[in-house]
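Open the model in your viewer and keep the sequence panel beside it. The stops below go from the whole chain to single residues.

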Amino acid sequence: MEVKIYLDFEWFEDKKSQFNCSDFLFSKETYQLSIWDGLLDKDFTVFIQFENEETLSDVFCSCEQEGEVCDHIIFSLNKV
(Lines give C-alpha, C1' and ligand atoms only; values in the text may rest on other atoms or scores of the structure.)
Protein backbone atom coordinates (compact mmCIF):
# COMPACT_ATOMS: atom_id res chain seq x y z
CA MET A 1 0.00 0.00 0.00
CA GLU A 2 1.48 3.32 -1.02
CA VAL A 3 0.54 6.24 1.18
CA LYS A 4 1.49 9.78 0.25
CA ILE A 5 1.49 12.18 3.17
CA TYR A 6 2.72 15.73 3.12
CA LEU A 7 3.57 17.21 6.48
CA ASP A 8 2.11 20.67 6.76
CA PHE A 9 3.49 22.53 9.74
CA GLU A 10 1.22 25.53 9.17
CA TRP A 11 -1.81 23.21 9.32
CA PHE A 12 -0.38 21.67 12.50
CA GLU A 13 -0.03 25.07 14.18
CA ASP A 14 -3.62 25.96 13.26
CA LYS A 15 -5.10 22.64 14.41
CA LYS A 16 -3.01 21.76 17.46
CA SER A 17 -5.55 23.35 19.82
CA GLN A 18 -8.26 21.00 18.45
CA PHE A 19 -6.25 17.81 18.98
CA ASN A 20 -4.31 16.34 21.86
CA CYS A 21 -2.12 13.26 21.99
CA SER A 22 -3.13 11.53 25.21
CA ASP A 23 -1.05 8.36 24.76
CA PHE A 24 2.00 7.57 22.65
CA LEU A 25 3.39 4.04 22.34
CA PHE A 26 6.08 2.81 19.99
CA SER A 27 8.11 -0.27 19.23
CA LYS A 28 10.75 -0.18 16.52
CA GLU A 29 9.01 1.30 13.45
CA THR A 30 5.43 1.06 14.77
CA TYR A 31 3.61 3.84 16.61
CA GLN A 32 0.23 3.88 18.32
CA LEU A 33 -1.22 7.22 19.32
CA SER A 34 -4.42 8.08 21.14
CA ILE A 35 -5.69 11.35 19.71
CA TRP A 36 -8.39 13.37 21.41
CA ASP A 37 -10.44 15.42 18.94
CA GLY A 38 -11.88 18.43 20.78
CA LEU A 39 -14.29 19.25 17.96
CA LEU A 40 -15.88 15.79 18.18
CA ASP A 41 -15.13 15.38 21.93
CA LYS A 42 -13.90 11.85 21.26
CA ASP A 43 -10.69 9.77 21.34
CA PHE A 44 -9.35 7.98 18.26
CA THR A 45 -6.48 5.54 17.88
CA VAL A 46 -3.95 6.01 15.09
CA PHE A 47 -1.47 3.31 14.06
CA ILE A 48 1.58 4.27 12.00
CA GLN A 49 4.19 1.88 10.67
CA PHE A 50 7.37 2.93 8.89
CA GLU A 51 9.40 0.74 6.60
CA ASN A 52 12.45 2.90 7.34
CA GLU A 53 13.12 6.49 8.40
CA GLU A 54 11.71 7.91 5.17
CA THR A 55 9.07 5.42 4.04
CA LEU A 56 5.61 4.99 5.53
CA SER A 57 4.40 1.41 5.08
CA ASP A 58 0.96 1.51 6.75
CA VAL A 59 -1.30 3.91 8.57
CA PHE A 60 -4.90 3.86 9.77
CA CYS A 61 -7.23 5.56 12.20
CA SER A 62 -10.19 4.29 14.21
CA CYS A 63 -12.35 7.25 13.07
CA GLU A 64 -13.38 5.28 9.97
CA GLN A 65 -13.29 8.34 7.69
CA GLU A 66 -13.39 7.11 4.12
CA GLY A 67 -11.38 8.54 1.25
CA GLU A 68 -8.61 10.97 2.05
CA VAL A 69 -6.32 10.72 5.03
CA CYS A 70 -8.08 12.04 8.14
CA ASP A 71 -6.92 14.95 10.30
CA HIS A 72 -6.05 12.54 13.15
CA ILE A 73 -3.45 10.81 10.97
CA ILE A 74 -2.01 14.12 9.77
CA PHE A 75 -1.79 15.35 13.36
CA SER A 76 -0.13 12.08 14.46
CA LEU A 77 2.44 12.18 11.68
CA ASN A 78 3.39 15.68 12.75
CA LYS A 79 3.80 14.38 16.34
CA VAL A 80 6.15 11.52 15.45
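Buried here means under 20% relative accessible area, exposed means over 50%, and partly exposed lies in between (1.4 Å probe, protein chains only). This is a predicted model, in which local features need pLDDT of at least 70 and side-chain atom pairs count only at pLDDT 80 or more, while totals for chains, interfaces and linings use all residues. Residues are numbered from 1 along each chain as its sequence is written, and side-chain values use heavy atoms, with hydrogens and water left out.

**Whole chain**

Start with a cartoon view. The protein chain has 2 helices and 4 strands, and along the sequence they follow the pattern α-β-β-β-β-α. Helices (H or I, at least four residues) and strands (E, at least two) are DSSP runs, numbered from the N terminus. Of the 80 residues in the protein chain, 32% are buried. Among contacts (heavy atoms within 4.5 Å) with a separation of 6 or more, 37% are between residues 24 or more positions apart.

**The sheet**

Select the strands next. They make an open sheet of 4 strands in the order β1-β2-β3-β4, with antiparallel pairing. Two strands count as paired if DSSP finds at least two bridges between them. β1 and β4 are at the edges with a single partner strand each, so one side of each has no neighbour in the sheet. From one strand to the next the twist averages 15°.

Two of the bridges can be picked out by residue: Val-46 has Cys-61 in β4 as its partner, and Ile-48 has Val-59 in β4.

While on β4, click Asp-58, which is in this strand. Is Asp-58 buried or partly exposed? Asp-58 has a relative accessible area of 27%, so it counts as partly exposed. The C-alpha atoms of Asp-58 and Thr-30 are 9.2 Å apart, although the two residues are 28 residues apart along the chain.

**Helix α2**

Select residues 71-79, which are α2. This helix is mostly covered, with 7 of its 9 residues buried. Those buried are His-72, Ile-73, Ile-74, Phe-75, Ser-76, Leu-77 and Asn-78.

Which residues of the chain touch Ile-73, leaving aside its neighbours within four places in sequence? They are Val-46, Val-59, Phe-60 and Cys-61. Move on to Ser-76, also in helix α2. Ser-76 counts as buried because its relative accessibility is 0%. With neighbours within four places in sequence again left aside, Ser-76 is in contact with Leu-33, Ile-35, Val-46 and Ile-48.

**The core**

Show side chains for the nonpolar core. A nonpolar core is a set of buried Ala, Val, Leu, Ile, Met, Phe, Trp, Tyr and Cys residues joined through side-chain atoms within 4.5 Å. The largest one has 19 residues, and Ile-35, Ile-48, Ile-73 and Phe-75 have the most contacts inside it. Two or more residues come from each of α1 (9-15), β1 (19-27), β2 (30-37), β3, β4 and α2. In soluble globular proteins, nonpolar side chains tend to be buried together.

**Aromatic pairs**

Rings of Phe, Tyr and Trp (its six-membered ring) pair if their centres lie within 6.5 Å; planes under 30 degrees apart count as stacked, over 60 as edge-to-face and the rest as tilted. The whole structure holds 4 aromatic pairs. Select Phe-19 and Phe-75: their pair is tilted, at 5.3 Å centre to centre and 40° between the planes. The pair links distant parts of the chain, with Phe-19 in strand β1 and Phe-75 in helix α2, 56 residues apart. Both residues are buried.

Then select Phe-24 and Tyr-31, an edge-to-face pair at 5.8 Å centre to centre and 70° between the planes. Phe-24 is partly exposed because its relative accessibility is 35%.

**Cysteines**

The last stop is sulfur. A disulfide is a pair of cysteine sulfur atoms within 2.5 Å, and a search of the whole structure finds 0 of them. Cys-70 is in no disulfide, and its nearest cysteine sulfur, that of Cys-63, is 3.7 Å away. Cys-70 is buried, with a relative accessible area of 3%.

Conventions:
Axes are lines fitted to C-alpha atoms, for helices over the stretch in contact, and angles run from 0 to 180 degrees between N-to-C directions.
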